Structures are given as C-alpha cells and as structure tokens.
Amino acid sequence: MQGHEPLPARAAQDEVLEEQNGTAAFLSAGAEIAITPEPAQPAEGDNVTLAVQGLSGELLAYNWYAGPTLSLSYLVASYIVSTGDETPGPAHTGREAVRPDGGLDIQGALPGHSGTYILQTLNRQFQTEVGYGHLQVYEILAQPVVMTNSTALVERRDTLHLTCSSPSPAEVRWFFNGDTLPIAVRLGLSPDGRVLTRHGIRREEAGAYQCEVWNPVSVSRSEPVNLTVYFGPERVAILQDSITRTGCTIKVDFNTSFTLWCVSRSCPEPEYMWAFNGRALKNGQDHLNISSMTAAQEGTYTCIAKNPKTLLSGSASVVVKLSAAAVAMTITPVPTRPMEGQDVTLTVQGYPKDLLVYAWYRGPASEPNRLLSQLPSGNWIAGPAHTGREVGFANCSLLVQKLNLTDTGRYTLKTVTLQGKTETLEVELQVALNLPSSHKDQRHLPEPEPGTG
C-alpha cells in the first residue's frame, strides 16, 4: 500500500466523515482494504468471520461499523491493537468480537446481521483508512403456504388466483403436478412471482400446485393444493355392448334383453335422465335395461346428461326396432287352458309394423267364416262368424269373452301389409269343461259293488 501524506496535507483530497471525541476522522480516498465473509454464503446460525486483507503498516486501532456510513450509531466495536481492549458500540448485538488481525467474528449470525460493513483503521501517524464489505446471512426458510380463491372452478368461466405466502423475501418458483410450472402458465405470474392468475381456467390445468421459496442455502416447498376444473358434459353417446350406437337404429330380436349405456366426458359425473319417444322414464342411472324386447319397446330412446356444477347438458338418441327375425308372428292363448265361462285372449306377438289390415277366422281363412276385420282407422268390422263376444285390438290380438264349449277349435289370423304381403297363422283353442262341484264330487265316489242294493 502506498504511504500516506500528513493529515493536513491530505485534507483537500480527503472527505471529513465525522467528529469523534473532538478529533477529526478522515476517509482515505486510496483505501485498498478488502473485506470478505467466511463462509461466503452463510446461513442463519453459522459462525461468520469478516476477514480482512490489505492491512499495512503499524496500526493502533480498528473501528468496525455495521452500516453504510461512519456514523457513531453504526459503530459495532473499537479495538486497541496494543492492549487488545475492545469497546462495544451502539450497533453491537452481543455476538460480535474483533480479532487481533482486524477481522470481525459474528457468533450465530442472524439475517439481521446482513448489510454493509466498514472497517476503519488508525496508524501511528494518526492516518485512517477504510475498507468496505457486504455480508448476506441467509435464513433457513420456513415452509410456504399456497392460498387460493377456490379449489374447484368451472372451465372457461372462472379465474384462478394462487398466492405463495411466505414471511421471507426469498425467490419463488412454482410446480405443477411435481414438475416445474409450464411456460404457458408462468406467463400469468406477478412480477415478484408470488401470485399466479389464470383467466378462463382450462381442464388441463387441473392438478396439484405447489410453490417453493429458495435462497443459496435453503429451499422449502409447500404442501400441494389440488385444483378441480369442472367441465362438460361433452360427446354424450349411447353404447350397447361397448359399441357406440348414437344416431343409429338398433335391431333387437324378439323377447331378448339388452342394455343401453349413456357416456360422456364430464367433471363431475353428470346426472342422467332417459326418455322413450319423448316421454321421461323413471331412471336416473347411466344405463337402461330392457328385459324382454317386444313391439311395445320399439321407438326412440334418448339419454340426457346434465352437469350440476357447470349447469350444462347434452343428449344422445338411438332408435330401437325388432329385428327381421322377430317379424315371425306367434299366437298364444292367455290363459293357455281356458275353461268354460272364462275369457281368453289370443295374444299376437311379432305382427307386421307396416300392417294395412288383419282378419280373424273361425277355421280356415275363408271369407264366410270371418269373425272380424281391423282397418287402418282402428275400427273393426264384425263378420258372419261374429257372436258378439269377440273383440279385436290394434296389435292383432283377439279377445273371446265367456267361452263355451263350441268355441273350441281352430282360429286363423290373416294379415296384409302396405306392400301387399299376406301372412296367415293358425292356433288351436281348447276350452275345458267347467263341471259343477257336485259333479266333480261324484266323479270321485267309489263304484257300487255287484249285488249290493
């Protein structure tokens, strides 16, 4: 280090810093003292030494200041080299001690010890020099907390606000599902990185959000905040046997069972309602079971899905018809063994859907024996064989009331379609004798033995 001129000669180029005990103290413009902390990046609780390099000459005293100027209020301690006496100053915290080599030890440094430090030396010529250093004590960071305006939002409608709450002025970074926040989301961060805002939240942004505070010696990550984004329903569809049937016509064999499933993309799971030919069914499930397919089940089935959170809804429909195999008609008497005096219905299944007219006959399908005919208007016309006890229905079935034994025999149904196709089907009706109870009892009496009176 270069030699110093006598203090009066340097007054023009030196700066007067402060009056201390009536003696003028001067800051040398050519100071070469260097101050460096050891360790370079201390954490709170570490023992730190502000090491000094560049001291020269025979020194009388050291003054340490914890502040930006040589103000008495910033004085940490004064140290007399020859005696080793140390005098604490106003800025002494009880943790500082001056070393004989000019360094300053700080036991268990705290973040409050961070800042600018100045060492002022005094030599035998009563000349002073100063050196500057900076100390940054990094705190051990507490776990931050993510605060949110809501953990469940509606897609494209709601705005997400996330705030990383931490008492420390540390750097902040965000994580999404354990990975660094994507750049598209980072664009919504505040300048200090502590507030995340997303307008019109999207479903792909649902997941776990965390923030992390860090400094060179410490890092701490928050607990995850799980965000749910409500959306849908979308792509409502009806499935049968895991195959999409929406908008299709489903062919079902007569008397078989099948299940329709309603599916959609939705969060949360939507509420379901089914309708048949525009009429609501009492079914709030995601599926509809048809246990036995008949002509009565033919029609349009509609599933309506409604999201209770987004208040949106969607629907899908299918048309269900009997398959070609079901066109084959069958006639079944109900009851199958009617008795005299009872009513019987000759129930028809699988009649043609494009029916123009039908006619019932006693015996073979010959005109004179016709019982009645059903016309497209829904009216039926009695034929020559009508007894007044027969009634026809739109599904071709025939009701015979108050049977008698003469009703036993063959009945023939003849159908004609709009295309002119004719089909004939026969059924045998057996009417059982309804015996009086006395006759029934006599049938079970033992026969009299020969020779008895």
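Modeller: Let us start with strand E20 (residues 225-240), which is joined by five bridges to strand E23 (residues 258-267), the two running antiparallel. A word on terms: strands (E, at least two residues) and helices (H or I, at least four) are DSSP runs numbered from the N terminus, and two strands pair if DSSP finds at least two bridges between them. Before going on, please keep in mind that this is a predicted model, in which local features need pLDDT of at least 70 and side-chain atom pairs count only at pLDDT 80 or more, while totals for chains, interfaces and linings use all residues. Residues are numbered from 1 along each chain as its sequence is written, and side-chain values use heavy atoms, with hydrogens and water left out.

Back to E23. Glu234 has Arg265 of E23 as its bridge partner. E23 also pairs with strand E26 (residues 287-290), again in the antiparallel sense, over four bridges. There, Thr259 stands opposite Asn289 of E26. In general, strands of a sheet pair through backbone hydrogen bonds, either parallel or antiparallel.

By disulfide I mean a pair of cysteine sulfur atoms within 2.5 Å. Cys262 is joined to Cys303 in this way, with an S to S distance of 1.9 Å. The torsion about their S-S bond is about -85°, so this disulfide is left-handed. Cys262 sits in strand E23 and Cys303 in strand E27, so the bond links distant parts of the chain, 41 residues apart. Are these two cysteines buried or exposed? Cys262 has 2% relative accessibility and counts as buried, and Cys303, at 0%, counts as buried too. Here buried means under 20% relative accessible area, exposed means over 50%, and partly exposed is in between (1.4 Å probe, protein chains only). E23 ends at residue 267, and Cys267 is partly exposed, with a relative accessible area of 21%.

Strand E27 (residues 299-306) pairs with strand E28 (residues 313-322) in the antiparallel sense over eight bridges.

Cys164 is joined to Cys211, with an S to S distance of 2.1 Å. Cys164 lies in strand E14 (residues 160-165) and Cys211 in strand E18 (residues 207-215), so the pair ties together parts that are 47 residues apart in sequence. Cys164 and Cys211 are both buried. With bonded cysteines counted along the chain, the disulfides follow the pattern 1-2, 3-4.

Finally, a step back to the whole chain. The protein chain has three helices and 37 strands. Of its 453 residues, 39% are buried.
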